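Hi there,

Here is the structure I promised to pass on to you.

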Amino acid sequence: MVASESQPSPVPPDAVRMIPGEPQPVGAVSPSPPVGGPAADGQPSQDLAARLSTFCTDLTQLALDGKLSVAYGRDAEVEEALRALASPGTLFPMLTGGPRSGKTTVAHHVANRIVRAECPEPLQGLRVYETTPSRLINGLGGLHQWMSEINGLLALLAQSNVVLFLRDFHTALGLGIPPGESGPDLASALGDLLQSAHPRMLFEARSRGLERLFTEAPALRSLFAPIKVDAMMREAAAAVIRRAAEDLEIIHEVGIGEDACDEALELAARFLLNEALPGSALDMLKDTLTTAGAGNGGTKTLTRADVRHRFIQRSGLPEFLVNDDAPYDEEAARKFLTQRVFGQEVAVEAVLRMIALVRARLNNPQRPMGVFLFLGPTGVGKTELVKALARFLFGGEERIVRFNMADFNNPWTAVDRMFGDPHGSTELERLGMLSARMAQQTFAVLLLDEFEKAIPDMYQRFLQLFDEGILINGQGEELNLRNTVIVLTSNLGAQLLNPQLGFRVGDPVEEAERAIIRESEAYFRPEFINRLDAVCFFKPLSRNVIRQIAQREVNDVIAREGIVRRGLRVSVDDSVIDLLVERGYDLRFGARYLKRQIERSITYPLARQIARKRLPDGATVRLIARGGEIAVWVVDEGGENGDSRLEMRDAISFQSLPAKELRARLDALGERVERMMEQHHIAELKARVSAMIERIGQPDFWQHPQEATAQIEAMNLLSQRVDQAENVRRLFEQCDGALKRVAAARGKAAAGDLAEANRLYAELARELPLAETMLCLRSDEDQAGAFVTVRAIVAANEDAALPAEWARDLALMYAEWAKARGFPVALVNEATAGDGVLEATINITGFGAYALLKGETGSHRLVRQSPKRDGERVSVWARVEVFPDAPVAGNAANEVRIEHRPLREPGVLTNKLLRQTTITLGKLGEAGGRRTLVWRHALPADEIEGHARRYVPRWLNAQQQLARVTQAEGDEPLKLADQVRTYTLFKQASVKDARTGLTSTQPKKVLAGALDEFLIAYLTASLG
């Protein structure tokens, strides 16, 4: 129901305004058609009526039943069509316009006017039928008979009192020719026959399709008088929507608020780009009315919120993209994506930038939402990020439209298959595969896999789509894809990657990345690359990332219905994950075969055990790797005697609790959450942050820059405290919601929600103690980031190899801990010794990093197998120093001179050391003389200088204190006096904290970064 910008004419009092497909309101009386016309009884002959009923819709009867629309604001178009129909022998009226512009509505209103005798006299008493080209051919006997029948039909129509409305006339081109044969199609046949026969016919066609039809059959142009039904401007569309809403209120007995009409108009104009106003907005309004009972809470009034809610349901879009007032949590979005795609932070950040631009409506509205090129080897997360993006933006992976571009490498057919062949014999061939599939997905991610394998001509055809977001198919029709994200993937240059595995701090194989990007830029033309929003390099996965993926996939297996429904408690030993990583990862194929290995090694053995032993509900099952195989161990009731506190806590993330037990545990955590929110006055802090943000927006805020900067820093600190608490409360609410859905659902739906609730509960149980502790931090230093220096302790006449390896492992442990918490890590210094490091310093950025890590300062002892004598153990020592990453007060850092020189050396914690920085402290002749510090790293000069001015004064102070203590105690290096932890990798493996007594029997997990238990325990104790 769409109209032009002209003002709608008043509707006569006795006329009933109706909406298509809606029943007539009670009490309305439909006028009968007047008697007259060519047939004495006002009806077509019985033979013609019977024949038309097989392939036509009787619009006259629908008008009598009050089921045809009123074309508000289309008076001029309706009058023009009526005049043309009343003048036989002249040109045939052709309604033309874009999709949903209102062409059909105008034709239906013509039928209404004829039924009500509000038409020229020659049309009074006529009966109106509607059909389409395909229905017409089928009604005339199909492909092999229609040619012999159509002449007789047109002759009968010319002598009858019938108006035939032929919709979608543009589809008649190429229609009606049997496969493998030649001959005229329906369009050309009608062109010949209509010149001699003069039936009353009203035609309708899309503008672009009609132009193509006239191009192919020029003789047709002289037969028709085009009546343009253009899309309405928003002001005119708004008036039509409000008038139509009045009809809908009567029909549905539901009030429709003005705000509901405005919202339908706004959403249609913004998102339904392939449909014209006001038809698209009215469709949305009517669709919302189908759920009005549930959507408006029984208020009998449709509101803005109802329309928006229904649109979100249908489109799959998140509320923050639809509703400008809805909050957008970028950290939650980052967490969602990084939990699906491990180790590809650069690509995730590129996607997040695109989402933020779309959310703020700062993206170019004349282009797709985003166009990305994902480069990298197979199996490293390119497709997984596409899946995660489709789920986050559009509600599910079914919103991915995927093409393997390797299938489009035939230079003769590839472009036509993709974009459509104007001379194709079928509509699908003319549309092209891309247009046919994208027409079904208004909101989608278009994934073009292995893009470099398509023919070069294909790249040029995609340029317009990337640049304008408009796809033009072989029929000349436009398809708007500006609500689409387009992702190209490519393996270009993957062979250039260095085939080494292992964690590297701060060095995402930069050299290979640059080489691969250069190769892609050389392969694709500059104008092609310039139309991409980002080129994202996906680096090879390290073993630690593969471990994370393996743990996630195992967790997904254990959350399946068969385990959750039985309430089985499944714990997975570290050795199982190690075995899966070893067998499921291949450098050439990334993590592609990991899932297959998990199914073979875990799912099938678990299924056999469940089937064989008929495990009772709630049984405990442990998975352990033995002799290269994964064993399933069913623990007898009472047989689990609790090996270690930390081990059982680690198992929480792999066990599924029944809903009743999970509810009890969650309620207990909920009380702690509320207590935390009250104790730390989070609501008041949140209000203060909002007030500060509002103050920043005032014009006079920046009149005093120093004061403004201080207020912004204060706001940031308060905001970080609020975020800590809000994140925990959000986890509680999400888990609570999932459990409520479990109570309301059954079967697979309930199992899926229970698995989600278990996952959220495990995350809440980890994050709540940390939030409780972090909210107790008050000083600026405690809330700052941290520098962590690890130094090997090498005794006199001792081989440095073992201490250097131990110092390396400790540095990696802190880096992995930081990465798991989402804290950025940068390598500041690395002094290598073989495969180890004599000294390493890393910078960790993140709220409260220093408070959490400052207790790590001291000696760390490793107990391991002696490399020289089997069965004997040896102790190895390293010292850790932690300093806050905060500005130094006063002038303590002023006397620092910094010089750089280039390096080209391999590293241990980073692939290459690119720069050596010498930091000189003090002046010549000062007491104590000069002190020199040498750092080896791969950081930019300005960044390392900033680190030096914050780190060096604190390091110097610590060295002076250490020297005084050492002098008092003797010449032996400190080992026991300030011992932090002992890590035992000999026989009975364990990690024991000397300060808190906390013990873990899983040192591999601790050394892989699982430090939170130790850090929180010590920080909590130190805070009292």
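The buried residues of helix H6 (residues 146-158) are covered by, among others, helix H1 (46-52), helix H5 (133-139), strand S4 (162-166), helix H7 (186-193) and S5; contact here means heavy atoms within 4.5 Å. Those buried residues are Trp146, Ile150, Leu153, Leu154 and Leu157, where buried stands for under 20% relative accessible area, exposed for over 50% and partly exposed for anything in between (1.4 Å probe, protein chains only). Seen down the axis of H6, they fall within an arc of 100 degrees, so they line one face of the helix; the arc is taken over the directions from the helix axis to the C-beta atoms. With 13 residues, H6 reaches 18 Å from first to last C-alpha, close to the 18 Å expected at 1.5 Å a residue (the expected span is 1.5 Å times one less than the number of residues). Helices (H or I, at least four residues) and strands (E, at least two) are DSSP runs, numbered from the N terminus.

Before you go further: this is a predicted model, in which local features need pLDDT of at least 70 and side-chain atom pairs count only at pLDDT 80 or more, while totals for chains, interfaces and linings use all residues. Residues are numbered from 1 along each chain as its sequence is written, and side-chain values use heavy atoms, with hydrogens and water left out.

Now to the sheets. An open sheet of six strands has the order S1-S3-S4-S5-S2-S6, with mixed pairing; two strands pair if DSSP finds at least two bridges between them. At its edges are strand S1 (57-58) and strand S6 (224-228), each pairing on one side only. S6 runs parallel to strand S2 (residues 92-97), with five bridges between them, and leucine 95 has isoleucine 227 in S6 as its bridge partner. Helix H8 (residues 207-216) packs on this sheet and touches S2, strand S5 (200-206) and S6; the directions of H8 and S5 make about 110 degrees. For that angle, axes are lines fitted to C-alpha atoms, for helices over the stretch in contact, and angles run from 0 to 180 degrees between N-to-C directions.

Glutamate 856 sits in the loop between helix H34 (849-853) and S22, so the pair ties together parts 125 residues apart in sequence. Both residues are buried.

How many salt bridges does a search of the whole structure find? The count is 57, each a side-chain nitrogen of Lys or Arg within 4 Å of a carboxyl oxygen of Asp or Glu. In one of them, arginine 547 and aspartate 578 have their closest N and O atoms 2.2 Å apart. Arginine 547 counts as buried at 16% relative accessibility, whereas aspartate 578, at 25%, counts as partly exposed. Another joins arginine 950 to aspartate 885, at 2.4 Å.

Best wishes
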